[in-house]
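Please look through the sequence and the structure below before reading on, and keep both in view while the explanation moves from the whole chain to some of its parts.

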Amino acid sequence: GESVEGAPLVTVEVGAQDATQVTIILAGIHPIEWIGIRTGLALLERLVANPPSDRRVLVFPMVNVDGFRRVETDLREGRRRWVRTNSRGVDLNRNWPTHFRAPRRFTGLFAAHHHGGAAPRSEPEVDAVCATLDALPSGTRMDVALSLHSIGRKILFSYGGRWKPPEQAPRLRMLGGAVRDRIPERYRVVQASHWVPGSFARGMEIDHLHDHYGADALLLQSNNFSL
């Protein structure tokens, strides 16, 4: 697909082409969170060097290309800005269909950085990812989806869009714990909507990857790209 500004959106596929198990890796949804992008590229290098034989891995190394370019331009020109959105001012991690809610009429810093768009999949970046996943062959099973972000030392699982956890919450917490145990730093595993009680993140990627595609979806808020 293409971004709002027409930049190409890239997917890299690694592994056995005839495998029915598919793992998804997303990075760069929030462009200021460059650690997630670097972590994704490092993971991709490892997968290319040693491709899995039992699955296909689809890697979306930079979902928000326009935003990342804006961050890099700001840094080159000596500006320090907090950039979460795409070129239309939409937070791509609030634009997924599951638990989506149209933005309310309020202003301020929160509204500027967490605007979810006019409708689910209204943004070409999110729509392109979903279209790629929707086009997977019949019989394909998405087992794990990992979304790489930065800042916070948290491993989040669904749901972010509602307080009640999914039925698979014990399994998701267990998988998050397995990831946490491999990290030398101290991380916390928590349901996304419980991180800051009363603050829901509606339209998150992990909610949609879990509910719509059936994946065990985790979001890693990393402070170190070498993980």
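What does the accessible surface of the chain come to, and what percentage of it belongs to carbon and sulfur atoms? In this predicted model, the accessible surface is about 11,300 Å², and carbon and sulfur atoms account for 52% of that area.

The chain contains seven helices and seven strands, which follow one another along the sequence in the pattern β-β-α-β-α-α-α-β-β-α-β-α-α-β. Its radius of gyration is 17 Å, close to the 17 Å given by the globule rule for 227 residues, so the chain is as compact as a globular protein of that length. Buried residues, meaning those under 20% relative accessible area, make up 49% of the 227 residues. Among the contacts with a separation of 6 or more, 81% are between residues 24 or more positions apart.

Seven of its ten residues are buried, so strand 4 is largely enclosed by the rest of the structure. Strand 4 pairs in the parallel sense with strand 2 (residues 21-27) over seven bridges, where Q21 has R141 as its bridge partner. Strand 4 also pairs with strand 7 (residues 216-222), again in the parallel sense and over seven bridges, and here L146 stands opposite L218.

Helix 4, residues 124-134, has buried residues too, namely E125, V126, A128, V129, C130 and L133. The cover over these buried residues includes strand 2, strand 3, helix 2, strand 4 and helix 7. In an α-helix there are 3.6 residues a turn, so residues three or four places apart point the same way.

Terms used. Residues numbered from 1 in each chain as written. Predicted model: local features only at pLDDT ≥ 70, side-chain atom pairs only at ≥ 80, totals over all residues. Heavy atoms only, no water. Buried < 20%, exposed > 50% of the residue type's maximum accessible area, 1.4 Å probe, protein only. Helix = DSSP H or I, 4+ residues; strand = E, 2+ residues; numbered from the N terminus. Pairing = 2+ DSSP bridges. Contact = heavy atoms within 4.5 Å. Rg over C-alpha atoms; globule rule 2.2 N^0.38 Å. Areas by Shrake-Rupley, 256 points an atom, 1.4 Å probe, with all protein chains shown as cover.
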